[in-house]
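I'm jotting down what I look up as I go.

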Amino acid sequence: MTRKMDDTTRYHRLRERYLNGDLDRRNFLGLLGAAGLAYGVQTPFAKYAHAAAEQVRFDGWGGVVSEAFREYAFDPYTAATGVNVVDGTFGGADEYLSRVKASQPGEFNIAHLSGVFDYVRYHNLELSSELNEANIPNLGNVIPALVDVLRKPTGGSLSAVPYDYGTTGLAYNRKYISDEEMQEKGAMLLIDPAYKGKIGGWGEWKTRVWYAALQTGQNPNGIEDVDAVWDAIRAHRDLALKYWSSGAELMSLLAEEEIYVTEAWSGRVKALQDQGHDIGYYDPPGGLGWQECLFVLRGSPMPECEELLNFMLETETAIAVAEGQNYPPALDPNKVELTDKVKALPAFDPSGTLAGLNFFDPPYWNGKEAEWSKTFGRVQKGY
Amino acid sequence: MSVETREARQPWILLSPALSAVALLLFVPLAFIAVYSFWLRTATGADQVGFYLDNWAEALIDPFYRDILLNTLKIAAITTLVCAVMGYPAAYFIARSKGNKAILLLLLMLPFWISYIIRTMSWINILGVSGAVNWVLTGTGIVDEPIQMLYNQTTVILGLVHFLLPFMVLNVFVSLDGIDTTLEDAANSLGATRWQAFLQVTLPLSLPGLAAGGLLCFVLGAGTYITPLVLGGPRDAMFANLVFEAIITQLNWPLGSALSLMLLAVLGALVLLYNRYLGMAQLMKGLG
């Protein structure tokens, strides 16, 4: 067995060689200087890893979600452990991944990411960690289906805990589109020439491909005629007024009646409905479900992060966040008593099985990412 | 050390903080970007270190990038022209106004106190279906249904003009303010009409300012990505949007690096041309 040599031993050996005459004075001092320089250069970066035990950085979507986390999880966690939580925000998973990629290990610790696609993406980039589940007893309250799907890509272990879920269904202005018409046409409404100039869409390649697969009668997790899918995306592009790029923009376009129909995130439509807008929401057959997770990045202080995850999975915290962002928590309704408000959220599954939702199949979609995201970038711009 | 040697070193010593900042914040990052442009993105999104010309071949040969680049230059050129036509009279008015010049200049700077993104998004409340213009048009019975005005190339140019007009006005103002007004009087006394005096005396003398403003508007306009994102439709992307997509959405830093260097080269060539024929001094005056 080899034993790792510490710096003091290294110095003693070097000094011994100098005193024995194996090294001349110039080389001895030169090597000491080089060691000092190396220490000076690495210290600013190493501090993130060393300081992590005193603080944990969390990055999320900001707004009411961050406020709920701060009140119900971060502050009690700091009071109990003395570990400070640095709360950062990001505008999107892609932007956050770029920041993580440019950072040093340990600089970012926990992120509120979309699963399972991003979970696999981070794992493929060697950014995943391995959680000690014994330190997260509240994980036992989470819907098993959401946990199992995260285990597969990481060989049975977890690098994240599921936190909430929702759907990307169809939002429509009921002043112009009836419930009957929506249920009859479903995803085809997004390529209905009758609504040219009043159709919107998320400018994200996975969602566009998923809905185009539905429009061409294909299984989104096993597309056979990809040319037909690109044609459907082109048809949608030519009828669309705008590709939206954020939840706020989606809400603005619907509320201002710039568009009458688009795919939309269930929680955002609920927020619009709560504001009094007559916006309908419909999950078409084969519609898209997703989950969000709390991902722990490689190089993070694991015991501290695991304890924070446990705080965040406390029933009270998870429900407060769910009510704030209008997405059901990942807590299993068979094990935890949820509030009436949570039970009324769109996409909420009282059975706790999520059997009725369709998710991205990670191996399939992550394998297509490089090719399809690039092709969509071109199709989106008129090619 | 001789006095001559010391004197020769002094400017470099004084310049060293600025030179260090330029080297560290501009040339070193640029060198990183240049190195990155020769790497490759693997299927998982990780970078493959090496010396590959694939990104450059794609960026230079693929007509997709060429077309978007040409469209970007076209939008920047139209924006610059509109800024010149709108900005020159405003700058002339400020330069020739008596007494309230400072207030007018302050008003010109006022938009800079508000975030560029907020200013861009304000057009949604003005030109949107439920916006101010449609509210007036439908309220007064001029139209029955709101007019769709947003999310096209025109609104992208409008947003850019809104953003860039102060740069044009400031540059032209600096140029006009430095012209001796008695020259116009002299032209008038020699029989020229006011219009002729303007065309043959004032306008030629103010051309350096107009060119400096034009260069700034063009370069800033060609490099923007927020405006087409907020005010453009599906087909109104500009070249900087491609860089953003390559780096952020596709996590293809090597290709994004090649594309950003390509844009830098095109705009840099323009700046060099400007410097060759007009010099940078006027631009510095305008920025100062």
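The model is predicted, and in it chain A is divided into domain 1, made of 52–165 plus 290–363, and domain 2, which covers 166–288.

Next I looked up the spacing. The C-alpha centres of domain 1 and domain 2 of chain A are 27 Å apart. How many residues does each domain of chain A put into the contact? I got 15 residues from domain 1 of chain A and 15 residues from domain 2 of chain A. I then sorted the domain 1 side of chain A by class: 9 nonpolar, 4 polar and 2 charged residues touch domain 2 of chain A.

Then I moved on to where the two chains meet. Chain B gives 24 residues to this contact, and chain A gives 27 residues. Which helices of chain B each supply at least two residues of the side that touches chain A? I wrote down helix 3 (63–96) and helix 11 (239–249) of chain B. Helix 11 of chain B has the largest share of that side, at 4 residues. By class, the side of chain B that touches chain A comes out as 14 nonpolar, 8 polar and 2 charged residues.

Last, I checked a record for chain B. An unreviewed UniProt entry puts the annotation "domain: ABC transmembrane type-1" on residues 69–274 of chain B. Over that stretch of chain B I found 77% helix and 0% strand. The end C-alpha atoms of residues 69–274 of chain B are 20 Å apart.

Conventions. Residues are numbered from 1 along each chain as its sequence is written. Chains are lettered from A and ligands numbered from 1 in the order in which they are written. This is a predicted model: local features need pLDDT of at least 70, side-chain atom pairs count only at pLDDT 80 or more; totals for chains, interfaces and linings use all residues. Two residues are in contact if their C-beta atoms, placed from the backbone, lie within 7 Å. Ala, Val, Leu, Ile, Met, Phe, Trp, Tyr, Cys and Pro count as nonpolar, Asp, Glu, Lys and Arg as charged, and the others, Gly among them, as polar. Domain bounds come from an automatic or database domain assignment. UniProt positions are given in the numbering used here, feature names are shortened, and annotations may be inferred rather than shown by experiment.
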